[in-house]
Every structure is written in structure tokens, then in C-alpha cells.
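Let's take a friendly walk through this structure, one topic at a time. Please keep the sequence and the 3D view open as you read.

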Amino acid sequence: MNTILGLIPVEAFLFCWILLILGLKISGKNSGGLYVNLLLLGVLVAIGLVAFPAPNAQFGDLIHVNALNRFIRGLLYLGTFFIVIQSSSWLKKHDHAAEFSILLLVVLSGLGLMVSTGNLLIFYLGLEMASIPLAAMASFNLTSKMSGESGLKLILSSAFSSGFLLFGISLIFGLTGTISIAEIPVNLANSTLALIAMVMIFSGFAFKLSAVPFHFWTADVYQGAPMGITAFLAIVSKSSIAFVFLTVLFPILSAIQQVWPTVLIALILLTIFTGNIFALRQSSLKRFLAFSSIAQVGFILMGMLVPSEKAAVSVLYFLVVYMFSSICIFGVAQWLEEQTGKDSLSNFKGLYKENPFAAWSVALGLFSLAGIPPTAGFFGKFFLIGSGFQGVSVWYVVLVGLNMVISLYYYLKIVKYMFMNEVIEELEKPQMALPLKISLGIGMLAICFLGLSNWIVNHLSNLF
Amino acid sequence: MFTPATEAILIPLIPFLLFGIIGLAGRRLPEIFSAFLGIGGILASLLFSLHLSVSYFSEPVQGAFVLKEFFSFPWLNFSENLKISIGLVADPISMLMVVVICSVSLMVQWFSLTYMKGEERFQMYYAFLSLFTGSMLGLVLSSNIFQMYIFWELVGVSSFLLIGFYFQKPSAVAASKKAFIVTRFADLGFLIGILLLSYETQTMEFKGILDYFKSGNFNPEVSGIWMSHSLAAWALVLIFVGAAGKSAMFPLHIWLPDAMEGPTPVSALIHAATMVVAGVFLVGRLFPVYSLFEGVMQLVTWIGVLSSILAAIIAISQTDIKRVLAYSTLSQIGYMMFALGVAGKAGAEAGFTASFFHLFTHAFFKSLLFLAAGAIIHAVHSNEVENMGGLRKQMPIVHWLFLIGCLAISGVPPFSGFFSKEEILLNAWKSQPLVYGFALIGSGLTAFYMFRLFFLVFYNKSHSDVHGHESMGLNFPMLLLAIPAVFAGFVPFSSYVTSTGLPEETHLHLMFSIAPVGIGLLGIGLAYLFYFKQNSLPEQWASKLSGLYKLSRGKFYFDELWRAVYQIGLIRALATPAAWIDKNLVDGGLRMGAEKTLRLGDRVKLIQNGKLQDYVLYFLMGILALILLTLLMIQS
């Protein structure tokens, strides 16, 4: 008891925090503001707990605690913190802010378990612990039918993908007699069955990452869910899966090592092209974000082509950059959606005239996602392409790069909307709340300086 | 007072700092104050760069001007062959460029003081100009190719901001977007070229790259061959694609004429003297490597020749004063490009010198011409030559200045353009007589279309309703630019800039000059006949040569070609069906589902409408396809 709690202080803390919120709710406190503040405080303490240096430790082969997964935890919590700040005005007005907070904390504990796993079972438990409450949260716009539908679609399709994941894991267990990630590669012989197991596990991951052709749920779920949850799915949930991809899937991938790059590059191209082409003519804001995030996933997968430390560093670095860039866009998008009540890209029209700060924030975020130097996004993409470069033929890299140009087209469209179009509907409150402003400011600073300063890449390299 | 390294840092740093200060202060800063900040900063940079280049050229190493590294420190050790450092270097061409950039930028900023007066975002204009100048200076001083790429893109971003400065005009917005996307497309080639080249040489430092090829370590058999050319050759081709995009070489030139939508002083800076020659600079920087690859040099040569000739033909029939100048810029950069290309042949190495000589003189006379065009547009409030005519009375000083520019570009002695163009033609002759032939035709065309413009604007039919006027604020910077436009040709250029770094004697071949000067004068004479007075000759010849005329008016239909590729290839063939699928198949289920829920209030039914089953079906198909694919791959 002592050892395992010592290993997961964050989960222990989150559990107490959940009990606290639950207690307050039962005792009849019903102020949204209170719960939002409690939630923020809880996430902040969690960040503090992982930031506090601790020695590496492990509990059997179930849970590992090391600098690497403390880093990713910190990133996930930080992303969550920003998202909660940006959705706080929506959440404060919600009757069920307490329930929302509890669900979110459960999701965070689940993700925390998942990223520190040393064992396929814990991985699966963490994953499910995070997925089920998320589906409930996706349907949290209680009056919107789309939101309810979004939640249902998320839970049903993720149950389906989990089925495959579990099937794959069972096959692996059957073949090797172990579920410890460290032991699997040693015992796994090359066989067709192993290959099928790999593909099933991979498909489960690909579903969660919304890589094509497992992406069909993405746009619908993103569109229906409340914006905060959309942001959470696109940023936090995606990053955690990408990280586990690196730590879980890579080691046991040896069975299909020799064909892996070719298969993956095909998926990458499919993913990036589909994401970009579907994003080109979107008019719905959230669907647009969904498809552009699909395209970004394709880039993340570039770092998975060749298992190497450098590739892993480039993926992690990209995740950091991706988080800050997305924060800058989602924050403003949510703020606009709350005011106009519309899920449309035309929300952005004339934004520069009404709130130049917001417009610059979105513009920087978009530039970074499009990979234009010297924003951090460029370095992120450059490292990913550079690390994928050694695995496959240069022509695939050219095709991937070509997509950076295509994506520029639709990202610039929004920049044009903001700076050059006339305002359609004047905003009621063109001023932003201070916390939102600060979160955007931090994002913008990160985009500008994360690429130009080298400490984060150096820090990441030391983690391996 | 300052060490050379400090000076080298300060030269690009000052404009960057000013961008930060003016940009952040924005409207809180009085207009005039922000302008003086910008001008003062660039003046300081100019003084530093003059001092730096004088001290550089006064200290040759063993009689030669070599690549000198001020400093370079490791910044990122990403992987074995991806090490990136930050550093600044000096060599003859970068010293040349810093002086050109700073002096033209100074004149342009000074000119803008009057030209942009009363513009709504006056402060931002100066902030963007500083950003552009700083990035351009950083580009030419970079010690490694990756750092250069960063500045290269920053130059693209700031030119995007400047071209789209009049963002109320839809055409300006479209033009800025086009410029950005087209050059980005080309930069993709550059980026991949960088990756390939650094893969081959294991370094990104220019010094390291040049040493690698000099030392003879390079072996095409080892580095890998694809389609009978080595990896390094392909890397150079891709880098050249980037260079051709920035320098607006055919067929990637389509963004430059549209970019004329920006403020005219911006065109003088970006589209005449600095950014568009970045491509020439890039090829020049890697020249010792390029010259090892015969095939790549042929590509550079012929792209240059094609651009210079086609652009000259298009310029003949354009009626927008800035577009004529834009096409003439294209044509002149074509000259610089093929001069580099022919310099690969033994005996014609001085083509390198000639190319940069022309870059140097062109920067002055072309920015003079652009600023003069700006002064005319400022007075007439139109870009169309239709609305000009007879302006020599209203604008006598501008008239003389424009004439100087035209004489210089037409290669009439003793104006600066004569010397540099002679040099180019001479080396083309030594290397490939066919190139020389094209170049000769091109210089005839140049003289013709420039004087056509000159006569149409200042002579021909006059408009009594135009109240043109001149102002000293506009004229003075132009007068200063006119001095080098006349005299820059007397600089003994080859004692400073050569492909080997060893100073050489300059020779003037008087007999050789007869043909080019003759054909230039012929062009001027024809233009005089056609356009000095209003007459029917232009229409007669236009109908006689109607095929060629249509091609020229239609700009050889490159825009249409690209639009077709883009519209049909991307939008019609892919994005529209994608949007339809998304709306009617993927999204349709959701809408339908929502309506059904409304009617039936039955959430379970919703899942039965087939939508989710579709997801599952796709998912299954995906897994099956993946399994099949991996199995097949393993079998084979």
C-alpha cells in the first residue's frame, strides 16, 4: 500500500480531490465558480506534484515512474489547465460543474496511469478509465442533441476499437505468455498470428489518434461536443496516446519491424492528405479543427517511422509545440463560439478590428501549425521530417512536405478572414477575461520562443 | 570601437530590435517618430556594414578573399547528422549584399516618409520594413544553410505582410497570399535540398559544405545515384527550385507581377534590389559546389535564359507601369542567373563576377526606376500608362531620373548597366554562343520596352487634366540613388568579387561592345519611332504580329496554366468531392440523426440509422486492409 501510493502521488491526490468535490456537491453547494476554482487548483497541484523531482521507481512491472513520463504528465496537466481556464465561463454557468470536475479528474488519473504503464493490462485500464468519462463529458451540453449524439458516438466507437485492442493484447498474451512490455519482445516470435495481433493493437491506437482510415468518428464527435471537450480530445487525449504509442507500441513492434516503415508511410500520407483535403473547404469551425488535427497526426506519425531516441524526442517536442499552438486557436474559437452561438469559420471574420490580440493569437497559432519559420511549429515539423527522413525514400518526404503547402492555403484563409474581412456580427463583449488573455499570451510566447531556444530539445534528449 | 564580430551582429540586430519597438508601441508612437526610428536604425546598419566591408576587403588572406567566420556556436545537436549552429560569416558577396540592402532600404524608407504620409497604419509599415530589412541582412550573413533558411522564410513572411499592406484591397490580399504560397511551394524544394545536402556532407555549415566538395571526399557512386544523377546533384536542383521561387524564375514567376499590389516603395526594396536576388545569392553562395555539376549548371543557365527572354517579351505589351518594371526585373534576374550558369565552364569563370556586378548595378537603377514610378503614381493616382503621357512638363526632375534609369538598364555607355551587362555577354560568348545570342536579343528587347515606357509616360499624348507635381521629399532619395545608377559601373568589381576569391584585372573589350550597344540603340530608336509621338505604328504592328502580341499580352498564359492546375487539380478534383462527402455522407447522418431524435425522442433508434455501423464497417475494412498489406509486404 505504502509503495504503490508513494509511486502515484498524483492519482492519490486526485482521488482525495474527487472525494472533496463529491462531498461539497452532496452537502448541497451548487456554485459553478467554486467547482471551477477547485478544479483549477487540483490540476495546478497535480502539475506541482509531477514537477517536483523524484527518483525513478517502479512497482513490479506494473507502473514505472521516471523523468520521461513525469514530463508527459506535466504536459497533459498543463494542457488541461489551459483548457479549463478557457472553458471556465461556459463551465461556471453549467448546473453540473461539480460532476464535470469529477469526470475530468477521473480522466486525468486514467491518463496518468496509462502513460506510466509497464504492462499492457495497466495500459488498458488507464485507457478505459480515461475514455468512458470523456464520452460522458462530450454529451455535457445537456440541451443540445448533437452533444448527446457526440457522446454516444464516442463511447460506442471507442468501445469497438477497445475490443480490437483487447483482442490484440490477448493474442499477444497467448503467444508469449506475458503482458509485461519489457518481456514481450524477447518472447515474441515472428509469425502471422503475431502480425495480426500487432495490426489489431495498432488499429486501436490509430483509432484513438484518429489516423485515416480510423478517423470517421472524429469530425462528428468534435462537432457535437462542447468546445472545451473538443480541445481536450484534440490536445490532451491525442498527446497521451501518441506518447504511449512511443513507449508501449514501439518496444513490441519488433515482430513486423522490417515492413513497418512502408506500411506506416502509406497511412501517414493517407492521413495527411485526407485531413488537408477535407479541411480545405470546411465551413464548420469544429469540423475544420477536426480535419486539421487529423493532418497534424500524420506529421506526428512521421516520428514513429524509425524507432530511435531522436525520433522520440522529435515527437515529444512536437507534442509540446502542438499543445501551445492549439491552445492559442481553441481559446479564441471557444470565446467566439460562446458569443455568436455559431459553429462557423465566419466567426473569425473581422476579428482583428474587434480584438487584435485575439486575432494575433490565432494567427500565430495557425502559422505554427502550418510550420512557418521561425515559429516553434516549424522546428517541430522539421525535426519530425528529419527523423522520418532516414527511414523511407525521399519522395515520401517530398509528398509530406507538399502537404505543408496545401495546409498553408486553408490556414491563410482564416488569417485573411480575421485581418481582411469585414465584421459580420459585432461581438457583445469584444474584451476578453484576464485569465483567458493570460493563457493566450503564454501560448504566443511559447510559439515565438520555444523554437528559438534550444533548452527544451536538450532537456528532452536527456530524458531518454 | 567595435570588433568586426560585434558589427556583424549589430547589422541585422538593429532592424530587428526596431521592428520590436515600433511594432509593440504601434499607434502610441507618433508617426514621424516611428519613421525616424526606422530610418535612424538603418542608417546605423549602413554605417556598420560600410565599415565592416571596408575592413574585410582591406585584409585579404594570402591575397584572396575567403569565407571568414566571425563566430559560430553549436545550438542544437539534434542527431548525428542534424547539428545546427548559429553564426555569422563574411565573404565578398555577403559584404556586397549588406551594403546594397542597407543603402537601398535607407533610400526607400526616406522616400516612404512622404509617399506613405497619412496612411492608416503608418507605424506598422515602418515596423514591417525593419523586419524585412533585418531578415534580409540575417539571410546574407548566415553561416549555415539552416539558419539561412529560417531568415529566408522570415523574408517571405515580411514580404507577405508588406504586399498585403493595403488589406482593404481584395487584389492586394490575393496577391500577398499568392506570393506566399508560391514561394512556400518552392521553399519546400529548398528544405528538402538542405536535408539531402546535409545528409551527404554531414554538416550544415557553408564552410563545411564547401570544404567537403573541395577536399575530393565526394564520390557520386557512394552517395547514391538516382536517374543517372547523384544525390548531391538532386540536392542542388532542389535548392535551385527554392532559389528560383524567390527570384521569380519561370515558371515560378507568377507571384511577382501580382505582388505589385503592394506599396510602390516596397516594390523598390523587395522586388528590385533585395528579396528577388536572394535566389541568385543562394546559388552564388554554393557556387563552388554548383560548378562541379555540369548538368545542374545547364539547368540554371537555361532557366535564366528562358526567364530573361519571355519576361522581356511580356514587358513589351503591358500597360501597367509597375508591371512593366516587374517583368523587366524578372528579365534582368534571368541575366544574373544564366551568368552564374555559364560560369561553370572553364574560361568563363568571370561570369560569377559579372552576375554579382549586375546584381549590384541593377539594385540601384531598378530601385531608382521603381521609386520614380512611385512618384508618378503618387501624382497621377493611377498605374496605367494610358492616364500618363506628356508628364515631362509637370515632373521634369522625375523625367531626367527615369531617363537615367532607362539608359542604365538598356546598357548605354557610360551608365552602370553597360559595364555589368557587357561582362555577362562576354562570358556567355566564351561559354555558349547560343546563350550569347539570346542575351543579345534580350538586351535589344530591354531597350525597346524601357523606352516605350519612358516615351509613353513622359511624351506621347499629354493629359491636360493631370495636375502632376513633384516634391523634394520624394525627389531627394531618388537623386541619391541616381548617383550609383550612373557611376557604379566604374567600380573595379573583379578586384573584389571573383569565384575563386583571388582579385583579377578588369578588361574592357571595346570591339566586343559594338554589337550589344548597337542593338540597344536600335531598340531605343524603334521605341522612338513607335511611341515618341502618338501614331498608328503600334496598332499596325500589333495586328501584323497578332499571334505574338496575344501571347505577350496574355503573359504566355502561365497564370491560367497554374490556375488550372490548382483549381482543377486541388479544388475540383479533390477538395470539392471531399467537402461533398463530408457534408452528405459523414455529416449527413448526424443531421438526420438529430432530426430523428427530435421527432421520435428515441436515442437508441439513432444508432440504428446505419451511421455508426458505417464507422464500424470502415474500421473493420481498415484493419483488414492493413493486415493484407503487411502480409503481402512480408511475403515479398
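## Two loops with a positive phi

B:Ala248 sits in the loop that runs between α9 and α10 of chain B. Keep in mind that this model is predicted. The phi angle of B:Ala248 is near 55°, a positive value in a residue other than glycine.

Now turn to chain A. A:Ser210 has its place in the loop between α9 and α10 of chain A, and its phi is near 50°, again positive in a residue other than glycine. A:Ser210 is buried too, since 26 other C-beta atoms lie within 10 Å.

## Cis peptide bonds

In chain B, the peptide bond from B:Phe250 to B:Pro251 is cis, with omega near -5°. B:Pro251 belongs to the loop between α9 (231-246) and α10 (255-258) of chain B.

In chain A, A:Val212 and A:Pro213 are joined by a cis peptide bond with omega of about 5°. Here A:Pro213 is found in the loop between α9 (192-209) and α10 (216-224). As background, most residues other than glycine have a negative phi, and most peptide bonds are trans.

## Where the chains meet

How many residues of chain B are in contact with chain A? There are 50 of them, and they meet 53 residues of chain A. On the chain B side, at least two residues each come from β1 (68-79), α5 (145-163), α6 (170-201), α24 (558-600), α25 (603-608) and α26 (611-635). The element that gives the most is α26(B), with 14 residues. Sorted by class, the side of chain B that touches chain A holds 39 nonpolar, 6 polar and 5 charged residues.

## The nonpolar core

The largest nonpolar core has 401 residues. Those with the most contacts inside it are A:Val362, A:Met418, B:Leu368, B:Ala372 and B:Ile376. Helix α14 (residues 309-340) of chain A contributes the largest share of this core, 21 residues.

For a closer look, select B:Ala372. Setting aside neighbours within four places in sequence, B:Ala372 is in contact with B:Val398, B:Leu401, B:Phe402, B:Gly405 and B:Met478.

## A helix pair in chain A

Helix α17 (residues 376-388) and helix α18 (residues 394-420) of chain A pack at an angle of about 165°, and their axes are 10 Å apart. Since angles over 145 degrees count as roughly antiparallel, α17(A) is roughly antiparallel to α18(A). The crossing of α17(A) past α18(A) is right-handed.

Which residues make the contact between α17(A) and α18(A)? From α17(A) come A:Lys381, A:Ile385 and A:Gly388, and from α18(A) come A:Val397, A:Val400, A:Gly401 and A:Met404. By class, this contact has 4 nonpolar, 2 polar and 1 charged residues.

## An exposed arginine

To finish, find B:Arg563 in helix α24 of chain B. B:Arg563 is exposed, because 12 other C-beta atoms lie within 10 Å and a count of 12 or fewer qualifies as exposed. B:Arg563 and B:Val616 are 53 residues apart in sequence, and their C-alpha atoms are 39 Å apart in space.

How values were computed
Residues are numbered from 1 along each chain as its sequence is written. Chains are lettered from A and ligands numbered from 1 in the order in which they are written. This is a predicted model: local features need pLDDT of at least 70, side-chain atom pairs count only at pLDDT 80 or more; totals for chains, interfaces and linings use all residues. Two residues are in contact if their C-beta atoms, placed from the backbone, lie within 7 Å. Helices (H or I, at least four residues) and strands (E, at least two) are DSSP runs, numbered from the N terminus. Ala, Val, Leu, Ile, Met, Phe, Trp, Tyr, Cys and Pro count as nonpolar, Asp, Glu, Lys and Arg as charged, and the others, Gly among them, as polar. A residue is buried if 20 or more other C-beta atoms lie within 10 Å of its own, exposed if 12 or fewer, and partly exposed in between; C-beta atoms are placed from the backbone. A nonpolar core is a set of buried Ala, Val, Leu, Ile, Met, Phe, Trp, Tyr and Cys residues joined through C-beta atoms within 7 Å. Axes are lines fitted to C-alpha atoms, for helices over the stretch in contact, and angles run from 0 to 180 degrees between N-to-C directions. Angles under 35 degrees count as roughly parallel, over 145 as roughly antiparallel, 65 to 115 as roughly perpendicular and the rest as oblique. A crossing is left-handed if the near helix is turned anticlockwise from the far one by less than a right angle, and right-handed if clockwise.
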